[in-house]
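Here is a guided walk through a structure, taken one region at a time. Keep the model open and follow along.

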Amino acid sequence: MTDAFRGMPVIGDDNWQEFYDEPTGLSKGRSARPPDASLGGVAASFNIPLIPRAEWSDRIADLDRSKSSLKHIIDQIGVKVLDQNGTNYCWCNAVVYAVMAVRAVMNEPQIRLSPASVAAPIKGYRNQGGWGGEALDYIIEHGVASQQFWPANAIDRQYDNQASKADRVHHKVTAWLELANRSFNQLATCLLHRLPVPIGLNWWGHEVCAVQLVETSPGVFGVVIANSWGSSWGNAGFGVLTESKATPDDAVAPQVAIASTT
Amino acid sequence: MDRRNIAALVYVIALHFAGISLPIVSPLIDAVVPSVASAPVKSDGFRVLIVEDVAARHTLPKEQEAALLSTEVSGYLNAHCVKSPSGQSEWRRLDAKATIADSETPFTREAMNIKRDSLPWLYAANGRKFFNGPYPKDVDSTLATLRKVGGQ
């Protein structure tokens, strides 16, 4: 029996097997991050003071009261989850969703961005797994094209054309953080400051975008995630991971994107 | 100047004749300027730019950080700001160092160049009056400030 929190499934140590596979039986696609990997030449170490765990309950309550969590912003604007639809590009979908969330905070027009426009060139147009830092590194340098110019899951060189190149430069990330591996405290601190965090999870072989710290019962914390298995998964594509399942094996946090209406 | 400010002015004048001076007179000045003539950026309708330092959000008091990101505030802005042809409410919440693309609205591009003494900063204009100053400290004062420019 799956627990639920605000209508979302809660995935924890006692039920994770139920959620291990994508409902369609297709793959997820996260590769373990190489031990020596960092954002090539653009590393931005985590430099925010950690919010003490003792403050989390009150902070979460404050964000709920003022309706100012990132999830509140996402819901207000209606940033729908992505659907990797059989590709192995979860690691890129999570980062691209984070870019869309950052644009939502900026109140830039909601433009559906294409994970394949990033993942396919990185992987030489092969349907391969990766980790979030690879995707963010590419988006920092090249941007991400909108789905108008590159369909979300199209692993096809024909879309790497002048139109998509002209479009993608408007969707670059210009400030970001790289979190320490296995640090739930850093993840919680980012979320309490309304930063989306793509989190790589070795237990799941999957990458998702964390968008909110929640207290599922007194003193028990978890995070709301935007999955990339379409809106029929969980509650409109969102679910909750308990702390043990949400503690990331690697994580990045885009902070600022280019301000662009197109 | 509203009734409260007139009363304050009378009070200060009375203190002056009594030989007492007050060091602070800023409450007499309504931060919302009821003139478009001196507006740093003109607007043909209610438009707002919020400028913040995303990397320094953690340095803000919790109440101000909440006000900065509150969906009550953004809900007000969505309801009252002018809309682009695509229906986008014309307000932005941007990092002070954000790259501004040419596609951004002229208002946003020009308002990003307004001199700011601190962050976060709020600029709101409606073609008749404007507010240009530090971002208010909490949700209620933010909404009160915005309503003075954008209406109820």
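At 15% relative accessibility, does A:R59 count as buried or exposed? A:R59 counts as buried. The cut-off explains the call, because buried means under 20% relative accessible area. Keep in mind that this is a predicted model.

Stay with A:R59 and look for its charged partner. Its side chain meets that of A:E55 in a salt bridge, at 3.3 Å from N to O. Side chains of opposite charge can pair when their charged atoms come close. Both residues sit in helix α1 of chain A, which spans residues 53-65. They are four residues apart there, so about one helical turn separates them. The two ends of the bridge have their own accessibility values. A:R59 is buried at 15%, whereas A:E55 is partly exposed, with a relative accessible area of 32%.

Now move along chain A to another charged pair. A:E134 and A:K123 also meet in a salt bridge, at 3.0 Å from N to O. A:E134 lies in helix α5 (residues 132-142) of chain A, and A:K123 lies in the loop between α4 (116-122) and α5, so the pair ties together parts that are 11 residues apart in sequence. Here the acidic residue, A:E134, is partly exposed at 23%. A:K123 is buried, with a relative accessible area of 13%.

The side chains of B:E52 and B:R57 meet in a salt bridge at 2.8 Å, N to O. Both of these residues are buried. Charged residues of the two chains also come together. A:E108, B:E90, B:R92 and B:E104 are linked in a network of salt bridges. Over all chains, the count comes to 16 salt bridges.

Next, the backbone. Start in chain A with A:R6, in the loop between β1 (4-5) and β2 (8-11). Phi of A:R6 is near 50°, a positive value in a residue other than glycine. A:K67 is not a glycine, yet it has a positive phi of about 50°. Find A:K67 in the loop between α1 and α2 (70-77) of chain A. A:K67 is partly exposed, with a relative accessible area of 40%. In chain B, look at the peptide bond between B:L119 and B:P120. That bond is cis, with omega about -5°. B:P120 is placed in the loop between α4 (106-111) and β4 (121-125) of chain B.

Go back to chain A for a strand on the inside.

Which strands pair with β4(A)? One is strand β5 (residues 206-217) of chain A, antiparallel over five bridges. In this pairing A:L201 stands opposite A:H206. Another partner is strand β8 (residues 250-257) of chain A, antiparallel over two bridges. There, the bridge partner of A:G200 is A:D250.

The largest nonpolar core holds 71 residues. Those that touch the most other members are A:Y97, A:F238, B:F46, B:V48, B:L77 and B:L146. Helix α3 (residues 90-106) of chain A gives this core its largest share, 13 residues. Pick out A:F238 and check its surroundings. Beyond residues up to four places away in sequence, A:F238 touches residues including A:M8, A:P9, A:Y97, A:V211 and A:W233. Another core of 37 residues lies apart from the largest one. Its members include A:W56, A:L191, A:L201 and A:I225.

Finish with chain B as a whole. Chain B has five helices and five strands. Along the sequence they follow the pattern α-β-β-α-α-β-α-β-β-α. Chain B has 152 residues, of which 45% count as buried. Among its contacts between residues at least 6 apart in sequence, 64% join residues at least 24 apart. The accessible surface of chain B comes to about 7,900 Å², and 58% of this belongs to carbon and sulfur atoms.

Technical notes
Residues are numbered from 1 along each chain as its sequence is written. Chains are lettered from A and ligands numbered from 1 in the order in which they are written. This is a predicted model: local features need pLDDT of at least 70, side-chain atom pairs count only at pLDDT 80 or more; totals for chains, interfaces and linings use all residues. Side-chain values use heavy atoms; hydrogens and water are left out. A salt bridge is a side-chain nitrogen of Lys or Arg within 4 Å of a carboxyl oxygen of Asp or Glu. Buried means under 20% relative accessible area, exposed over 50%, partly exposed in between (1.4 Å probe, protein chains only). Two strands pair if DSSP finds at least two bridges between them. Contact means heavy atoms within 4.5 Å. Accessible areas come from the Shrake-Rupley method with a 1.4 Å probe; for residues, only the protein chains shown count as cover. A nonpolar core is a set of buried Ala, Val, Leu, Ile, Met, Phe, Trp, Tyr and Cys residues joined through side-chain atoms within 4.5 Å.
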